[in-house]
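Please look over the sequence and the structure shown below before reading on. The briefing that follows takes up the chain interface, then a helix pair, then the salt bridges.

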Amino acid sequence: MPNSFPSDKELLILGLLRDEPAGMYGLELVAASNGTLKRGTVYVTLTRMEDKGFIKSRVPKKGDHAGLPRPHYTIAAPGLRCLDAAQMMSMRMVRA
Amino acid sequence: MKRRPDYSRDLEPLAAELEAVRIRSERTLKQEAERLFERLKAERGELGARAEMQRLAELTAAESAKRIDELKTAQREVELELKAGMTVYGRKRYLYHVFLTTKPSTTIVRLPGERLGHALSILLTRRAYQKTVAPVIADAQYEYLGAVSAGRDLHARWIRVRLYLIVWPGWVYGFFASLIRRIIGAGTGG
């Protein structure tokens, strides 16, 4: 069973996806992360998060360009709950 | 590239001769006419001299006009030749410009990562390829097409190179990591 506790990168991705309800592409996540996420590894992280059930991906049959279709990621309910829990935990730690 | 032909030297003598005719008709011929009138007046009287002068003036004017017409025709021919030369020169230059600036309207290019994607789809599992490699290639192709359509050829080339730099190290690292994990798992009986 995969570790369901999110890493810093996963929390960052969850935060970015929560702010964008329509979802984001991988490149948009990389651009919005200000260098925290890398092009070569972002999809490994996203796949891991998808396995955990935090996010959902959708690959359109026909892409938005002539090449391969790009997957589109949206946040799932477990991801939202996980993000809220992580934020509450960090707030308690700051208070303590 | 062929230099523009110089026709200015051909026009110079014609223009000089035209000017000479004009000066002679205005000054020299006037003085000659006065001398001729005096001589004719002495021979035929004033009325006869005037009639003869009128006839000679008409002949001189006709001759001068004829000569001027000939010179103007010659000048026009040279000017036409000059214009034709410029046209040929301009056409050649235009064709040269077209040759240099025109690119084929349709260019078939292979998108970055096509062969790499085929190779890795054979080497990797279907899930690993679809989840980690294909999206990276798709992003590179998306950026590549955007750069090409914007005319940023150098950036497009860099995207193509960068794709190989991104994908290969990650795949090699993943391959050896999974290999080591399997060896350790086999050693521990897990």
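In this predicted model, 17 residues of chain B are in contact with 18 residues of chain A, where contact means heavy atoms within 4.5 Å. Because the model is predicted, local features need pLDDT of at least 70 and side-chain atom pairs count only at pLDDT 80 or more, while totals for chains, interfaces and linings use all residues. Residues are numbered from 1 along each chain as its sequence is written, chains are lettered from A in the order in which they are written, and side-chain values use heavy atoms, with hydrogens and water left out.

**The interface of chain B and chain A**

- About 1,400 Å² is buried between chain B and chain A, with carbon and sulfur atoms giving 62% of that area; buried area is the accessible area (1.4 Å probe) that two parts lose on being put together, summed over both.
- Of the area that chain B buries against chain A, B:K131, B:D139 and B:Y142 supply 34%, which is more than any other three residues.
- Four salt bridges are found across this interface, a salt bridge being a side-chain nitrogen of Lys or Arg within 4 Å of a carboxyl oxygen of Asp or Glu.
- A:E50 forms a salt bridge with B:K131, and the closest N and O atoms of the pair are 3.2 Å apart.
- On the side of chain B that touches chain A, helix 3 (126–149) and helix 4 (153–188) of chain B each supply at least two residues, helices being DSSP runs (H or I, at least four residues) numbered from the N terminus.
- Helix 3 of chain B gives the largest share of that side, 14 residues.

**A helix pair in chain A**

- The axes of helix 1 (residues 8–19) and helix 4 (residues 77–95) of chain A come within 10 Å and cross at roughly 115°, the axes being lines fitted to C-alpha atoms over the stretch in contact and the angles running from 0 to 180 degrees between N-to-C directions.
- Among the residues that make this contact are A:L11 and A:L14 of helix 1 of chain A and A:L80 and A:L83 of helix 4 of chain A.

**Salt bridges**

- Over all chains the count comes to nine salt bridges.
- A:R48 forms one with A:E10, the closest N and O atoms being 3.4 Å apart.
- This pair links distant parts of the chain, with A:R48 in helix 3 (residues 42–52) of chain A and A:E10 in helix 1 of chain A, 38 residues apart.
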